Amino acid sequence: MTAYQWHADNLTTATQGLHPHWQHAFTSQSSRIVTDSRKVQTGDIFLALKGDNFDGHDYVQTAYDKGAIAAIVSQAQLCDVPQLVVDDTRLALGQLGAYRRRQHPDLTVVAITGSSGKTTVKEMLGSILSHIAPTRITRGNLNNDLGVPMMLLEIEDTDRYAVLELGANHLGEIAYTTALVQPQVAGVLNIGTAHLGEFGGRDNIARGKSEIYQGLAATGTAVLPADDDYSAALRQAASAHTERVLAFGGAASADTNNAQVFVKDTQVSQYGSAFTLQFAAPLPTGQAQVALNFAGQHNIHNALAAATCAAALGIDIDTIAAGLNAAAPAKGRLNIHQHGKHTIIDDTYNANPDAVLAAAAVLAQQAGNKILVLGDIGELGDDAPAEHTKLGTALAAIAIDHVLAVGELMAHTVTAANAARTGDNAQVFATHFHTKDDLIASLNKMLADAPSSVLCKGSRFMQMEQVVDALLSANFTTA
(Lines give C-alpha, C1' and ligand atoms only; values in the text may rest on other atoms or scores of the structure.)
Protein backbone atom coordinates (compact mmCIF):
# COMPACT_ATOMS: atom_id res chain seq x y z
CA MET A 1 0.00 0.00 0.00
CA THR A 2 1.30 3.45 -0.91
CA ALA A 3 1.53 5.88 2.01
CA TYR A 4 -0.33 9.18 1.82
CA GLN A 5 1.78 11.82 0.08
CA TRP A 6 2.09 15.48 1.02
CA HIS A 7 2.90 17.90 -1.77
CA ALA A 8 2.82 21.65 -2.33
CA ASP A 9 -0.88 21.78 -3.24
CA ASN A 10 -2.37 19.85 -0.32
CA LEU A 11 0.01 21.44 2.19
CA THR A 12 -1.13 24.86 1.02
CA THR A 13 -4.80 23.84 1.01
CA ALA A 14 -4.59 22.37 4.52
CA THR A 15 -3.10 25.54 5.98
CA GLN A 16 -5.05 28.05 3.92
CA GLY A 17 -6.30 29.95 6.98
CA LEU A 18 -2.74 30.80 7.96
CA HIS A 19 -1.68 32.76 4.84
CA PRO A 20 0.67 30.09 3.48
CA HIS A 21 3.29 30.90 0.86
CA TRP A 22 6.35 29.08 -0.38
CA GLN A 23 9.95 30.18 0.03
CA HIS A 24 11.70 28.15 -2.70
CA ALA A 25 9.50 25.87 -4.78
CA PHE A 26 8.57 22.44 -3.45
CA THR A 27 8.23 19.94 -6.30
CA SER A 28 8.69 16.67 -4.40
CA GLN A 29 6.38 14.59 -2.21
CA SER A 30 6.69 13.28 1.34
CA SER A 31 4.80 10.76 3.46
CA ARG A 32 5.88 12.13 6.87
CA ILE A 33 5.66 15.41 8.76
CA VAL A 34 7.83 15.46 11.88
CA THR A 35 8.35 18.05 14.62
CA ASP A 36 11.53 16.68 16.22
CA SER A 37 14.69 17.33 14.19
CA ARG A 38 16.36 14.40 15.96
CA LYS A 39 13.83 12.02 14.37
CA VAL A 40 14.09 13.37 10.82
CA GLN A 41 14.64 10.75 8.13
CA THR A 42 15.45 11.22 4.48
CA GLY A 43 12.39 12.48 2.61
CA ASP A 44 10.59 13.96 5.65
CA ILE A 45 8.99 17.39 6.05
CA PHE A 46 10.14 19.19 9.19
CA LEU A 47 7.61 21.38 11.00
CA ALA A 48 9.30 23.93 13.27
CA LEU A 49 7.47 24.47 16.56
CA LYS A 50 8.32 27.15 19.06
CA GLY A 51 7.94 26.67 22.81
CA ASP A 52 8.90 28.43 26.01
CA ASN A 53 12.37 26.86 26.06
CA PHE A 54 13.05 25.93 22.44
CA ASP A 55 12.57 27.13 18.89
CA GLY A 56 12.41 24.56 16.11
CA HIS A 57 13.41 27.23 13.62
CA ASP A 58 16.93 26.92 15.01
CA TYR A 59 17.04 23.36 13.65
CA VAL A 60 15.71 23.79 10.11
CA GLN A 61 19.20 23.56 8.65
CA THR A 62 19.92 20.52 10.85
CA ALA A 63 16.77 18.82 9.58
CA TYR A 64 17.76 19.64 6.00
CA ASP A 65 21.21 18.17 6.58
CA LYS A 66 19.59 14.97 7.90
CA GLY A 67 17.49 14.57 4.76
CA ALA A 68 14.38 16.72 5.19
CA ILE A 69 13.12 17.86 1.79
CA ALA A 70 10.88 20.71 3.03
CA ALA A 71 10.09 22.68 6.16
CA ILE A 72 7.01 24.37 7.57
CA VAL A 73 7.97 27.57 9.39
CA SER A 74 6.56 30.83 10.68
CA GLN A 75 9.73 32.76 9.76
CA ALA A 76 11.62 31.97 6.56
CA GLN A 77 15.13 30.67 7.20
CA LEU A 78 18.29 31.40 5.23
CA CYS A 79 18.80 27.94 3.79
CA ASP A 80 18.03 26.18 0.53
CA VAL A 81 15.27 23.90 1.79
CA PRO A 82 11.78 24.64 0.36
CA GLN A 83 9.79 26.32 3.15
CA LEU A 84 6.05 26.73 3.58
CA VAL A 85 5.75 29.93 5.59
CA VAL A 86 2.60 30.21 7.73
CA ASP A 87 1.38 32.56 10.44
CA ASP A 88 1.70 30.01 13.26
CA THR A 89 3.25 26.53 12.97
CA ARG A 90 1.44 25.26 16.07
CA LEU A 91 -1.91 26.03 14.42
CA ALA A 92 -0.57 24.68 11.13
CA LEU A 93 0.06 21.32 12.79
CA GLY A 94 -3.56 21.27 13.94
CA GLN A 95 -4.86 22.19 10.48
CA LEU A 96 -2.72 19.52 8.84
CA GLY A 97 -4.05 16.91 11.25
CA ALA A 98 -7.64 18.03 10.67
CA TYR A 99 -7.10 17.91 6.90
CA ARG A 100 -5.80 14.34 7.15
CA ARG A 101 -8.86 13.41 9.23
CA ARG A 102 -11.19 14.88 6.60
CA GLN A 103 -9.63 12.66 3.94
CA HIS A 104 -11.20 9.70 5.79
CA PRO A 105 -14.91 10.41 6.13
CA ASP A 106 -15.58 6.68 6.64
CA LEU A 107 -13.16 6.42 9.58
CA THR A 108 -15.04 5.89 12.85
CA VAL A 109 -13.42 7.85 15.68
CA VAL A 110 -13.95 7.46 19.41
CA ALA A 111 -12.54 10.30 21.52
CA ILE A 112 -12.15 9.91 25.27
CA THR A 113 -11.09 12.16 28.12
CA GLY A 114 -11.15 12.12 31.90
CA SER A 115 -9.04 12.83 34.93
CA SER A 116 -7.80 9.24 35.10
CA GLY A 117 -8.12 5.97 33.21
CA LYS A 118 -7.70 7.34 29.67
CA THR A 119 -4.79 5.10 28.77
CA THR A 120 -6.46 1.99 30.17
CA VAL A 121 -9.80 2.66 28.44
CA LYS A 122 -7.88 3.34 25.21
CA GLU A 123 -6.21 -0.08 25.46
CA MET A 124 -9.50 -1.81 26.24
CA LEU A 125 -11.30 -0.11 23.35
CA GLY A 126 -8.41 -0.86 21.04
CA SER A 127 -8.69 -4.53 21.95
CA ILE A 128 -12.45 -4.58 21.26
CA LEU A 129 -12.30 -2.73 17.94
CA SER A 130 -9.19 -4.54 16.68
CA HIS A 131 -11.22 -7.74 16.76
CA ILE A 132 -13.40 -6.20 14.05
CA ALA A 133 -11.15 -4.11 11.79
CA PRO A 134 -7.79 -2.27 11.73
CA THR A 135 -7.76 0.24 14.60
CA ARG A 136 -5.39 3.07 15.44
CA ILE A 137 -5.02 4.17 19.05
CA THR A 138 -3.16 7.07 20.63
CA ARG A 139 0.52 6.30 21.07
CA GLY A 140 1.96 7.04 24.50
CA ASN A 141 0.75 10.39 25.79
CA LEU A 142 0.12 12.17 22.47
CA ASN A 143 -3.12 13.63 23.77
CA ASN A 144 -2.65 17.42 23.87
CA ASP A 145 -2.96 20.16 21.26
CA LEU A 146 0.27 18.95 19.64
CA GLY A 147 -0.05 15.22 20.19
CA VAL A 148 -3.60 14.87 18.85
CA PRO A 149 -2.82 16.29 15.38
CA MET A 150 0.36 14.19 15.33
CA MET A 151 -1.83 11.12 15.79
CA LEU A 152 -4.19 12.29 13.04
CA LEU A 153 -1.22 12.56 10.70
CA GLU A 154 -0.55 8.86 11.31
CA ILE A 155 -3.97 7.73 10.01
CA GLU A 156 -3.61 5.16 7.24
CA ASP A 157 -6.08 4.32 4.49
CA THR A 158 -6.56 0.82 5.94
CA ASP A 159 -7.69 2.13 9.34
CA ARG A 160 -11.39 1.67 10.05
CA TYR A 161 -11.45 2.80 13.67
CA ALA A 162 -9.42 5.26 15.73
CA VAL A 163 -9.41 5.64 19.51
CA LEU A 164 -7.95 8.99 20.51
CA GLU A 165 -7.20 10.36 23.98
CA LEU A 166 -7.88 14.04 24.49
CA GLY A 167 -6.05 15.48 27.49
CA ALA A 168 -5.96 19.04 28.75
CA ASN A 169 -4.43 21.29 31.37
CA HIS A 170 -6.54 24.37 30.66
CA LEU A 171 -9.99 25.38 29.46
CA GLY A 172 -10.38 25.45 25.68
CA GLU A 173 -7.77 22.80 24.87
CA ILE A 174 -10.24 19.94 24.38
CA ALA A 175 -12.63 22.22 22.47
CA TYR A 176 -9.74 22.72 20.06
CA THR A 177 -8.70 19.07 19.72
CA THR A 178 -12.21 17.63 19.48
CA ALA A 179 -12.86 19.98 16.55
CA LEU A 180 -9.82 18.46 14.82
CA VAL A 181 -10.85 14.89 15.61
CA GLN A 182 -14.58 15.10 14.75
CA PRO A 183 -15.51 11.96 16.71
CA GLN A 184 -18.62 9.87 16.21
CA VAL A 185 -18.46 8.92 19.92
CA ALA A 186 -17.14 11.23 22.65
CA GLY A 187 -16.75 9.96 26.20
CA VAL A 188 -15.87 11.48 29.57
CA LEU A 189 -14.62 8.84 32.03
CA ASN A 190 -14.62 10.80 35.29
CA ILE A 191 -13.99 14.19 36.88
CA GLY A 192 -11.13 14.03 39.38
CA THR A 193 -8.27 16.23 40.53
CA ALA A 194 -5.65 15.79 37.82
CA HIS A 195 -4.43 19.23 36.62
CA LEU A 196 -6.31 20.80 39.51
CA GLY A 197 -3.85 23.69 39.70
CA GLU A 198 -4.08 24.63 36.03
CA PHE A 199 -7.89 24.46 35.93
CA GLY A 200 -8.46 26.14 39.29
CA GLY A 201 -10.98 23.66 40.71
CA ARG A 202 -13.11 20.64 39.82
CA ASP A 203 -15.93 22.78 38.39
CA ASN A 204 -13.55 24.01 35.72
CA ILE A 205 -12.18 20.51 35.19
CA ALA A 206 -15.72 19.36 34.47
CA ARG A 207 -16.24 22.24 32.07
CA GLY A 208 -12.96 21.50 30.33
CA LYS A 209 -13.62 17.78 29.96
CA SER A 210 -17.19 18.33 28.72
CA GLU A 211 -15.78 20.35 25.80
CA ILE A 212 -15.21 16.98 24.12
CA TYR A 213 -18.91 16.85 23.22
CA GLN A 214 -18.53 19.98 21.07
CA GLY A 215 -16.90 17.86 18.37
CA LEU A 216 -19.96 15.66 17.94
CA ALA A 217 -22.38 15.94 15.07
CA ALA A 218 -26.06 15.73 16.00
CA THR A 219 -25.95 12.03 15.07
CA GLY A 220 -23.00 11.34 17.38
CA THR A 221 -23.16 9.72 20.79
CA ALA A 222 -22.02 11.19 24.10
CA VAL A 223 -20.83 8.80 26.81
CA LEU A 224 -20.65 9.74 30.48
CA PRO A 225 -20.42 8.17 33.97
CA ALA A 226 -23.77 7.81 35.71
CA ASP A 227 -22.32 7.78 39.21
CA ASP A 228 -19.91 10.75 39.07
CA ASP A 229 -20.40 13.93 41.09
CA TYR A 230 -20.63 15.82 37.81
CA SER A 231 -22.91 13.44 35.88
CA ALA A 232 -25.74 15.95 35.65
CA ALA A 233 -23.43 18.71 34.44
CA LEU A 234 -21.90 16.41 31.84
CA ARG A 235 -25.32 15.32 30.63
CA GLN A 236 -26.41 18.93 30.28
CA ALA A 237 -23.27 19.78 28.31
CA ALA A 238 -23.71 16.75 26.06
CA SER A 239 -27.37 17.43 25.35
CA ALA A 240 -26.45 20.78 23.80
CA HIS A 241 -24.79 18.85 20.95
CA THR A 242 -26.61 15.51 20.61
CA GLU A 243 -29.70 13.69 21.78
CA ARG A 244 -27.81 10.39 21.88
CA VAL A 245 -26.42 9.98 25.41
CA LEU A 246 -25.33 6.71 27.00
CA ALA A 247 -24.30 6.36 30.65
CA PHE A 248 -22.32 3.66 32.39
CA GLY A 249 -22.54 2.82 36.09
CA GLY A 250 -21.32 0.41 38.71
CA ALA A 251 -22.85 -2.65 40.32
CA ALA A 252 -26.42 -1.42 40.12
CA SER A 253 -29.42 -1.72 37.87
CA ALA A 254 -30.34 0.74 35.18
CA ASP A 255 -33.37 1.68 37.25
CA THR A 256 -31.30 2.95 40.17
CA ASN A 257 -28.43 4.76 38.48
CA ASN A 258 -29.78 5.73 35.07
CA ALA A 259 -27.08 3.68 33.33
CA GLN A 260 -27.47 1.70 30.15
CA VAL A 261 -24.25 -0.27 30.73
CA PHE A 262 -23.52 -1.73 34.16
CA VAL A 263 -22.24 -4.84 35.97
CA LYS A 264 -23.55 -7.50 38.31
CA ASP A 265 -21.99 -10.41 40.22
CA THR A 266 -18.59 -8.77 40.57
CA GLN A 267 -15.62 -10.73 41.92
CA VAL A 268 -12.29 -8.94 42.38
CA SER A 269 -9.00 -10.81 42.86
CA GLN A 270 -5.43 -9.63 43.28
CA TYR A 271 -4.82 -10.00 39.53
CA GLY A 272 -8.10 -8.99 37.92
CA SER A 273 -11.85 -9.32 38.17
CA ALA A 274 -14.84 -11.23 36.85
CA PHE A 275 -18.31 -9.82 36.35
CA THR A 276 -21.49 -9.96 34.33
CA LEU A 277 -21.67 -7.11 31.81
CA GLN A 278 -25.25 -5.94 31.23
CA PHE A 279 -26.91 -3.69 28.64
CA ALA A 280 -30.27 -1.98 29.10
CA ALA A 281 -32.50 -0.09 26.66
CA PRO A 282 -32.11 1.78 24.39
CA LEU A 283 -29.21 -0.61 23.71
CA PRO A 284 -30.08 -4.18 22.74
CA THR A 285 -30.59 -5.73 26.18
CA GLY A 286 -28.40 -8.64 27.16
CA GLN A 287 -25.54 -9.84 29.28
CA ALA A 288 -22.12 -11.45 28.88
CA GLN A 289 -19.40 -12.76 31.18
CA VAL A 290 -16.11 -10.86 31.42
CA ALA A 291 -12.82 -12.00 32.97
CA LEU A 292 -10.73 -8.83 33.10
CA ASN A 293 -6.93 -9.01 33.22
CA PHE A 294 -6.64 -5.63 34.96
CA ALA A 295 -6.20 -5.44 38.73
CA GLY A 296 -8.41 -3.20 40.83
CA GLN A 297 -12.06 -2.33 41.29
CA HIS A 298 -11.48 0.95 39.44
CA ASN A 299 -10.67 -0.96 36.26
CA ILE A 300 -14.20 -2.35 36.20
CA HIS A 301 -15.29 1.28 35.85
CA ASN A 302 -12.80 1.65 32.97
CA ALA A 303 -14.12 -1.51 31.32
CA LEU A 304 -17.66 -0.15 31.53
CA ALA A 305 -16.55 3.07 29.85
CA ALA A 306 -14.89 1.11 27.03
CA ALA A 307 -17.91 -1.15 26.66
CA THR A 308 -20.27 1.83 26.44
CA CYS A 309 -18.20 3.54 23.75
CA ALA A 310 -18.15 0.31 21.75
CA ALA A 311 -21.89 -0.20 22.25
CA ALA A 312 -22.47 3.32 20.94
CA LEU A 313 -20.99 2.08 17.65
CA GLY A 314 -23.50 -0.77 17.46
CA ILE A 315 -21.07 -3.50 18.48
CA ASP A 316 -22.80 -6.46 20.13
CA ILE A 317 -22.22 -7.37 23.76
CA ASP A 318 -20.52 -10.71 23.08
CA THR A 319 -17.91 -9.08 20.82
CA ILE A 320 -17.32 -6.41 23.44
CA ALA A 321 -16.86 -9.02 26.18
CA ALA A 322 -14.40 -10.96 24.01
CA GLY A 323 -12.38 -7.79 23.43
CA LEU A 324 -12.30 -6.97 27.14
CA ASN A 325 -11.21 -10.52 27.95
CA ALA A 326 -8.28 -10.18 25.53
CA ALA A 327 -7.16 -6.72 26.66
CA ALA A 328 -3.92 -6.22 28.58
CA PRO A 329 -2.60 -3.28 30.63
CA ALA A 330 -0.29 -0.73 29.03
CA LYS A 331 3.29 -0.47 30.27
CA GLY A 332 3.46 1.19 33.67
CA ARG A 333 -0.24 0.60 34.37
CA LEU A 334 -0.50 -1.91 37.21
CA ASN A 335 1.91 -4.34 35.55
CA ILE A 336 2.39 -7.19 38.02
CA HIS A 337 5.81 -8.93 38.17
CA GLN A 338 6.61 -11.99 40.28
CA HIS A 339 10.24 -11.61 41.32
CA GLY A 340 11.58 -14.24 43.64
CA LYS A 341 9.35 -14.35 46.69
CA HIS A 342 8.02 -10.85 46.04
CA THR A 343 5.32 -9.25 43.89
CA ILE A 344 6.42 -6.00 42.22
CA ILE A 345 3.64 -3.83 40.75
CA ASP A 346 4.64 -1.15 38.26
CA ASP A 347 2.05 1.65 38.20
CA THR A 348 4.54 4.40 37.40
CA TYR A 349 3.04 5.78 34.18
CA ASN A 350 1.61 8.81 36.00
CA ALA A 351 -0.33 9.76 39.12
CA ASN A 352 -3.08 11.85 40.62
CA PRO A 353 -4.59 11.54 44.12
CA ASP A 354 -7.56 9.42 43.06
CA ALA A 355 -5.33 7.07 41.07
CA VAL A 356 -2.98 6.65 44.04
CA LEU A 357 -5.88 5.61 46.27
CA ALA A 358 -7.09 3.17 43.62
CA ALA A 359 -3.59 1.71 43.38
CA ALA A 360 -3.37 1.41 47.17
CA ALA A 361 -6.63 -0.56 47.12
CA VAL A 362 -5.06 -2.94 44.59
CA LEU A 363 -2.01 -3.33 46.84
CA ALA A 364 -4.26 -4.12 49.81
CA GLN A 365 -5.49 -7.21 47.95
CA GLN A 366 -2.00 -8.62 47.49
CA ALA A 367 -0.21 -11.17 49.65
CA GLY A 368 2.57 -10.64 52.19
CA ASN A 369 3.96 -7.38 53.54
CA LYS A 370 2.26 -4.59 51.57
CA ILE A 371 4.56 -1.67 50.73
CA LEU A 372 3.42 1.41 48.80
CA VAL A 373 6.24 3.43 47.19
CA LEU A 374 5.25 6.95 46.15
CA GLY A 375 6.75 9.97 44.42
CA ASP A 376 5.37 13.51 44.26
CA ILE A 377 2.16 14.24 42.37
CA GLY A 378 2.41 17.18 40.00
CA GLU A 379 -0.01 19.65 38.40
CA LEU A 380 -1.96 20.38 41.59
CA GLY A 381 -1.02 24.07 41.72
CA ASP A 382 -1.46 25.95 44.99
CA ASP A 383 -3.52 23.03 46.33
CA ALA A 384 -0.55 20.63 46.14
CA PRO A 385 0.39 20.63 49.87
CA ALA A 386 -3.24 20.26 50.94
CA GLU A 387 -3.93 17.51 48.39
CA HIS A 388 -0.85 15.57 49.48
CA THR A 389 -1.96 15.93 53.10
CA LYS A 390 -5.45 14.64 52.28
CA LEU A 391 -3.86 11.74 50.45
CA GLY A 392 -1.83 10.74 53.51
CA THR A 393 -4.93 10.77 55.73
CA ALA A 394 -6.81 8.60 53.23
CA LEU A 395 -3.92 6.14 52.85
CA ALA A 396 -3.88 5.56 56.60
CA ALA A 397 -7.34 3.99 56.35
CA ILE A 398 -6.28 1.43 53.71
CA ALA A 399 -5.06 -2.01 54.73
CA ILE A 400 -1.44 -1.67 53.67
CA ASP A 401 1.62 -2.01 55.90
CA HIS A 402 4.08 0.67 54.83
CA VAL A 403 4.34 3.82 52.76
CA LEU A 404 7.79 4.82 51.50
CA ALA A 405 7.84 8.21 49.81
CA VAL A 406 10.25 10.54 48.05
CA GLY A 407 9.81 14.12 46.90
CA GLU A 408 9.27 17.45 48.63
CA LEU A 409 5.47 17.26 48.52
CA MET A 410 5.36 13.68 49.76
CA ALA A 411 6.64 14.93 53.12
CA HIS A 412 3.09 16.23 53.67
CA THR A 413 1.65 12.82 52.82
CA VAL A 414 3.96 11.01 55.23
CA THR A 415 3.23 13.38 58.11
CA ALA A 416 -0.53 13.10 57.61
CA ALA A 417 -0.43 9.32 57.17
CA ASN A 418 1.46 8.81 60.42
CA ALA A 419 -0.84 11.20 62.28
CA ALA A 420 -3.94 9.35 61.07
CA ARG A 421 -2.77 5.76 61.44
CA THR A 422 -3.58 4.32 64.84
CA GLY A 423 -2.12 1.30 66.65
CA ASP A 424 1.35 0.06 67.51
CA ASN A 425 2.77 0.78 64.06
CA ALA A 426 1.65 4.42 63.96
CA GLN A 427 5.17 5.85 63.92
CA VAL A 428 6.61 3.46 61.32
CA PHE A 429 3.71 3.31 58.86
CA ALA A 430 5.07 6.00 56.54
CA THR A 431 8.67 7.07 55.92
CA HIS A 432 9.99 9.98 53.88
CA PHE A 433 13.29 9.85 51.97
CA HIS A 434 15.29 12.67 50.43
CA THR A 435 16.49 10.62 47.46
CA LYS A 436 15.35 7.58 45.51
CA ASP A 437 18.69 5.91 46.23
CA ASP A 438 18.04 6.16 49.96
CA LEU A 439 14.52 4.81 49.47
CA ILE A 440 15.76 1.88 47.36
CA ALA A 441 18.44 1.00 49.92
CA SER A 442 15.85 0.92 52.72
CA LEU A 443 13.39 -1.03 50.59
CA ASN A 444 16.00 -3.66 49.73
CA LYS A 445 16.59 -4.24 53.45
CA MET A 446 12.85 -4.67 54.01
CA LEU A 447 12.62 -7.17 51.17
CA ALA A 448 15.40 -9.32 52.58
CA ASP A 449 12.92 -10.66 55.11
CA ALA A 450 9.32 -11.76 54.57
CA PRO A 451 7.61 -12.09 51.16
CA SER A 452 6.23 -8.70 50.18
CA SER A 453 4.10 -6.93 47.60
CA VAL A 454 5.48 -3.56 46.46
CA LEU A 455 3.55 -1.05 44.35
CA CYS A 456 5.39 1.95 42.87
CA LYS A 457 3.64 5.11 41.67
CA GLY A 458 4.30 8.81 41.09
CA SER A 459 3.91 11.56 38.54
CA ARG A 460 5.81 11.23 35.30
CA PHE A 461 8.54 13.71 36.25
CA MET A 462 9.45 11.63 39.32
CA GLN A 463 10.56 8.66 37.14
CA MET A 464 9.48 6.11 39.73
CA GLU A 465 10.12 3.33 37.21
CA GLN A 466 13.72 3.64 38.39
CA VAL A 467 12.62 2.03 41.66
CA VAL A 468 10.88 -0.77 39.77
CA ASP A 469 13.98 -1.38 37.64
CA ALA A 470 16.17 -1.51 40.74
CA LEU A 471 13.88 -4.04 42.40
CA LEU A 472 13.61 -6.26 39.34
CA SER A 473 17.39 -6.30 38.95
CA ALA A 474 17.97 -7.22 42.61
CA ASN A 475 18.73 -10.85 43.47
CA PHE A 476 16.09 -11.77 46.03
CA THR A 477 15.96 -15.33 47.28
CA THR A 478 13.12 -17.54 46.06
CA ALA A 479 12.89 -19.30 49.41
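Me: Which residues do ring pairs link into a cluster?
Reply: Ring pairs join Tyr4, Trp6 and Tyr99 into a cluster. This is a predicted model, in which local features need pLDDT of at least 70 and side-chain atom pairs count only at pLDDT 80 or more, while totals for chains, interfaces and linings use all residues. Residues are numbered from 1 along each chain as its sequence is written, and side-chain values use heavy atoms, with hydrogens and water left out.

Me: Why is the pair of Tyr4 and Trp6 called edge-to-face?
Reply: The ring centres of Tyr4 and Trp6 are 5.2 Å apart and the planes stand at 80°, so the pair is edge-to-face.

Me: What is the pair of Trp6 and Tyr99 called?
Reply: Trp6 and Tyr99 form a tilted pair, with 5.9 Å from centre to centre and 45° between the planes. Trp6 lies in the segment before helix 1 (8-14) and Tyr99 in helix 3 (residues 89-102), so this pair ties together parts that are 93 residues apart in sequence. Helices (H or I, at least four residues) and strands (E, at least two) are DSSP runs, numbered from the N terminus.

Me: Which of these are buried, and which partly exposed?
Reply: Buried means under 20% relative accessible area, exposed over 50%, and partly exposed in between (1.4 Å probe, protein chains only). Trp6 has 2%, so Trp6 is buried. Tyr99 has 13% and therefore also counts as buried. Tyr4 has 22%, so Tyr4 is partly exposed.

Me: How do you know that the charged end of Arg100 sits over the ring of Tyr4?
Reply: A charge sits over a ring if NZ of Lys or CZ of Arg is within 6 Å of the ring centre and within 35 degrees of the ring normal. The charged end of Arg100 is 3.9 Å from the centre of the Tyr4 ring and sits over it. Arg421 does likewise with Phe429, at 3.7 Å from the ring centre.

Me: Why is His342 called buried?
Reply: The relative accessible area of His342 is 0%, so His342 is buried. His342 is placed in strand 16 (residues 342-346).

Me: What does the side chain of His342 reach?
Reply: The His342 side chain reaches the backbone oxygen of Leu447 at 2.8 Å. A polar contact is a pair of N or O atoms within 3.5 Å; within protein, one must be able to donate a hydrogen and the other to accept it, and residues adjacent in sequence count only if both atoms are side-chain atoms.

Me: Why is His432 called partly exposed?
Reply: His432 has a relative accessible area of 27%, so His432 is partly exposed. His432 belongs to strand 19 (residues 430-433), and the side chain of His432 reaches the backbone oxygen of Gly407 at 2.7 Å.

Definitions and conventions. Rings of Phe, Tyr and Trp (its six-membered ring) pair if their centres lie within 6.5 Å; planes under 30 degrees apart count as stacked, over 60 as edge-to-face and the rest as tilted.
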